[in-house]
Structure formats: C-alpha cells, structure tokens
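Here is a short tour of a two-chain model, written for someone who likes to know the cut-offs behind each number. Have the coordinates open and follow along.

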Amino acid sequence: MKIAVCVKRVPDSEARIKIDASGKAIDEGGVKFVLNPYEEFAVEEALKLKEAAGSGEVVVISAGSDASQETIRTALAMGADRGVLLKTDHIPLDPLPVAKALAAELAEGGYDLIFFGKLAIDDYSHGIGPMVAELLSLPCVSAIAALQIANGKGKAEREIEGGVEVVEFPLPAVLTTDKGLNEPRYPALRGIMLAKKKPLDVKDVALETGGLDVLSLSYPPERKAGRIVGEGAAAVPALVDALKNEAKVL
Amino acid sequence: MPNVLAILEQRSGDIKRVSHEVLTAARVLADGMGGEVHGLVVGGPGVATDGLGAFGADKVLVASDASLANYQADRYAGIAADQVRKGSYAAALVSATALGKDLAPRVAARLACPFVSDVTDVKYDGAIIVTRPVYAGKANITLKISATPCVISVRSNAVTPKANAKAGSVESVAVSGGEPRARTVEIKHPERAAIDVAEASIVVSGGRGLKGPENFKLIEDLASALNAAVGASRAVVDAGWRPHAEQVGQTGKTVSPNLYFAIGISGAIQHLAGMRTAKTIVAINKDPDAPIFKVADYGIVGDLFEVLPKLTEEIRKAREG
C-alpha cells in the first residue's frame, strides 16, 4: 500500500493573531506553528493502513516555505517514511494553484490512497483535497469519520447535518479526514530521532498566482461590553427577561 | 449578461433554509452586475421548487432524476459545472454545508476557476468582493476575485435571507454525466435527529464545568426547551463525553447562531474563535474571571447545577407565555 499524506504548516490553534504592517498578512513573529491538526488524523490513518497491510510506504508532501520541513519532520516522527517539500515562498489564497502543484507531484507517485485534512485551520478552506481529486480524475470522499479498505475498494462515512453518508469507492482515491476518525499517535523520542535521518526531498516549484487578490486583513469587530446580570439561580429571571425584552432572541 | 448561479440544497426533496441565504447573496452580486439570479436544484423527481422566486430567483433550473435524490458528489458536480459553462455565469454560489463544502471545490476544479470558501459577506464593486473569517474568526480577510467564473461557498447563518420577489420560472435541464467515481450507498439517520450545531439558530454548549458526561442531561434539557442544538467544548469532546460533531471552536465547528449559551466553558481562545460571531452570547460560569465573560452579552456567575434547572424552567414558561 503506497499512501501519500498532504500536510500544511499552520499557526497553533491557541496562537494569538497579529496583523502585520502591510495589513494583508499576519505577523509570524512569536507564533508557534504546528502540523495542521486535521492532518494528524490523516497521518495516523495512513500509518494504520500501512501497518495493517504489512508493507508499503507513507509519503508526506507539503507545499510551503523551508519552514515546512519541520512540519514534514513531525509527520515523519509519527512514523511516515519520507517527505517531499514543494518549496515556494508564497502560497496564494486561491486553492487552485496549490491543488495543481500537488496534483502534478501526486500524479507521478502511483499512490493507492491520498490523504488530506478536511481543512487547514489557518485559511479554513476545505477545497484542496477535492480539487486535487478532480484534477487527477480520482474518486474522493471528504471529511471522513470512518474508513474501511479491502480488496482494492473502500467504504467511508462522512457526517452530514443530522446523519451520516456512507460512500463506496474504488482505489486509488483521495480522502480528507475529520476529527473522530482515529486517535493520532504522539511522536516518541525514538521516532523524533529517526525522523531526522529520513529522506526529505526539496523541490522548487513556481505556483500560479490564482484569481484572488487580498484587499485587507482585519480584526473582527470587538463585541460590545456585556454585563453580569447576577449571581446564582436568583439571577435567572433577570436573564430571561433580558433575552426576551432587550436582546429579543427568545 | 453577467448572471449568477445559486446552487440550492435539498434534502428529501425539500429545499433547505440555507438556500434562501444563498439566493440572497447571489441577488446582491447580480444586482451589482445588472444580471439575473438563476437557482439550480439537483434532486429526485418532484423536488420542491416553489417559493424560490420569493427570495430573488429569476429562474429555477431543475435537474431531476431518481438517481439524484440523494447527494452524489461526482454527478452533482458534473451537472453544476455544465450549467455554469452553458450559462456563462459570472459566479456560482452554494451554502457551506456538508454538501456545499464537498461540492464547491469540485465544481471549481472542473471549471479551473478560483474558489472561496465560507464567505460571510459578498458585494460587487467593479469586481466581486468577498469577506471571510480566517484563523477561525480571529481575523477577517477581504478578497477581490479577479477571474471569471468563480465558485463561492457561503457560511450558514451569515447572510439574512431577504424576500425579493422575482419570477422564479421553473425550467428543466438535462441530467448530464456518466458513472460516478464514488457512490453514496446509504444515509444513516440517528434515532432521534439532532439539530446540527452549525445550522441551529440557538446553540447550548457545555464544557468541563459539567463535571461528567452524565450531567449533559442538563444541557440537553435546556436545548430541548429552546429547540436548540447541543454544542460542546474541545475539552469535553477530547475527554469522550460528547461526539466531535458537537464541538465548537477552531478544530470543531464555527457557528453564528442568534443565541449562544456557553455553560461551564472558561473560554479558551480556540473556543472563542468558533462562536464569537454569535449575535447574543450568554455565559454561565462559577469563575467571575473566566475569559468567556469578556465576549458574553449576559453573564450569570454561579453554580451551573443550580442555575440550569431554574433556567430551563423559566425558559419553558417564557416560551409558553
């Protein structure tokens, strides 16, 4: 089983976001970057499938700056075999150019499965995985919470509003992973040491600029100051009254 | 003429309410460009189309076939992309639901065009301009779309549906497309259908202050009194008390309900990122210094085990009265 996992370097979910002087990007100074949490599920699932198959290779691919090598190494420390960095200093917000670069790399790989996280927690875009699938004419199931693979076929479940869709597909296929699919393993010290020696291929790529221009980045409007209506159960009537007559939301 | 296509979502043959939001957003763009709004409904025979003119559809295109009653990603994407090409639409909009999040990027890839997900605002000012949250709402980005066509998904509850009567004439379109690559074979429904936290207009969320999964009965009771969805903090989802589908926050769902209750939730930055766009926020917490009070419109400092039963009772009374 040959499996690719596409990953992204993103600010940690607890990071405070500061807009830089250009007003169009964030100030990365002092911000801790991590492997996109949704891709931890992708790496874990790939490793489990390889382990179940008894043989194979898990390749971690990322598009980004040199700093993304660290992100790839995190996945290698979890147990992936090798990494590929599509090195570019600018990732456009339009997902199409990124999807094209990844598709070009993946097309040559002969992968049985290609995993992505269902979204990246920085741009919150959920487009790259399904776009890559379309560009490669592969079946795709997005935001999966359960997966079975057997005899060259797969069955995945994805949550929808008020239910679960069950989708069947032949391999090769593209899957994007949701929380709940598995419990990602933590890299052990031995894994971290081994990861330093695993191959990581750096390829320079030139991405198209895409069709989206950033006009501005801004902080969300501050919420107007609220008030404590009271303490304990005695404050409940005042709260209900405020919701009904002041906020008019009941 | 620069027309806009609004891809409208149906489940079990009924048009979802979020489709009215998509029509409203599409109307803003079409009016700016001097064009029309055409709705596209893909579904089984007899899929409902009435009432769409009332929300601004000049025309409603219907692609119906028994095999399309439920969402089939490849077929739906093929039909939508064909319609965008045939109609030379300037933009195609869809709601950022489970279906829309899956469908929109596929359509964009087939059209080799820009895709913007989860927008909360659209306008036309010589070009299509959209605003969307990034870093889970810690910042907003405003983008100009400089290519035609484009595909945009619109976040649920971000756009208020506006009545805007247009003809809404219904026209059948050919059902295109061959064998799907992947096939939806079943849709499982839980015994008691829950309201989805991302779509609900009222959300009642509980956190670690509940002290144990069994105490979420108190949250469920209040949610039921309000006809609200149940939400949960990351801490309680990671502890296995609640399913991840209920998680609100940066690694869960980002919600914009009319009314949000944060109960026994301290207000970690990743949680605030997921709910700060709620119109009214109520916090109940025993710690008066909890960060959640900084974003709350109304707060009660106190023991939630005393406050919740009383609150549920008072809400029941208020709703009946």
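## Ground rules

A salt bridge here is a side-chain nitrogen of Lys or Arg within 4 Å of a carboxyl oxygen of Asp or Glu. With that rule, the interface of chain B and chain A has 10 salt bridges, and the count over all chains is 44.

This is a predicted model, where local features need pLDDT of at least 70 and side-chain atom pairs count only at pLDDT 80 or more, while totals for chains, interfaces and linings use all residues. Residues are numbered from 1 along each chain as its sequence is written, chains are lettered from A and ligands numbered from 1 in the order in which they are written, and side-chain values use heavy atoms, with hydrogens and water left out.

## Chain A at a glance

Chain A has 6 helices and 13 strands (DSSP runs numbered from the N terminus: H or I of at least four residues for helices, E of at least two for strands). Its C-alpha trace spans about 65 × 45 × 40 Å along the principal axes. Of its 250 residues, 54% count as buried, meaning under 20% relative accessible area, with exposed being over 50% and partly exposed in between (1.4 Å probe, protein chains only).

The accessible surface of chain A is about 10,800 Å², and carbon and sulfur atoms own 51% of that (Shrake-Rupley, 1.4 Å probe; for residues, only the protein chains shown count as cover). As for contacts (heavy atoms within 4.5 Å), take those in chain A between residues at least 6 apart in sequence: 69% of them join residues at least 24 apart.

## Two cores

A nonpolar core is a set of buried Ala, Val, Leu, Ile, Met, Phe, Trp, Tyr and Cys residues joined through side-chain atoms within 4.5 Å. The largest one has 53 residues, and A:Ile61, A:Leu102, A:Leu106 and A:Ile114 touch the most other members. Apart from it lies another core of 42 residues, including B:Ala90, B:Ala139, B:Leu143 and B:Ile152. Back in chain A, and leaving aside neighbours within four places in sequence, the contacts of A:Ile61 include A:Val5, A:Val7, A:Val84, A:Leu86 and A:Tyr111.

Over in chain B, B:Val37 sits in strand E4 (residues 37-43) and is buried at 0% relative accessibility. Skipping neighbours within four places in sequence, B:Val37 is in contact with B:Val4, B:Ala6, B:Leu23 and B:Ala26, among others. B:Gln83, in helix H2 (residues 73-87) of chain B, also counts as buried, at 7%.

## Where the chains meet

How much area is buried between chain B and chain A? About 7,400 Å², with carbon and sulfur atoms giving 57%; buried area is the accessible area (1.4 Å probe) that two parts lose on being put together, summed over both. The contact takes 95 residues from chain B and 84 residues from chain A. On the chain B side, B:Tyr135, B:Arg181 and B:Tyr298 lose the most area to chain A, together 11% of what that side buries.

One salt bridge to look up is A:Arg223 with B:Asp297, whose closest N and O atoms are 2.9 Å apart. B:Thr251 lies in the loop between helix H5 (234-238) and strand E16 (259-263) of chain B, and is buried at 8% relative accessible area. Beyond its neighbours within four places in sequence, B:Thr251 is in contact with A:Pro37, A:Tyr38, A:Ile121, A:Lys179 and B:Arg234.

## Charged pairs within the chains

A:Asp81 and A:Lys50 meet in a salt bridge (3.0 Å, N to O). A:Asp81 is in the loop between helix H2 (68-78) and strand E5 (82-87) of chain A and A:Lys50 is in helix H1 (residues 37-53), so the pair ties together parts 31 residues apart in sequence. A:Glu57 and A:Arg82 form a salt bridge too, at 2.7 Å between the closest N and O atoms. That pair links strand E4 (residues 57-64) to strand E5 of chain A, 25 residues apart.

In chain B, the side chains of B:Glu246 and B:Arg242 meet at 2.8 Å, N to O. B:Glu246 is buried at 14%, and B:Arg242 is buried at 14%.
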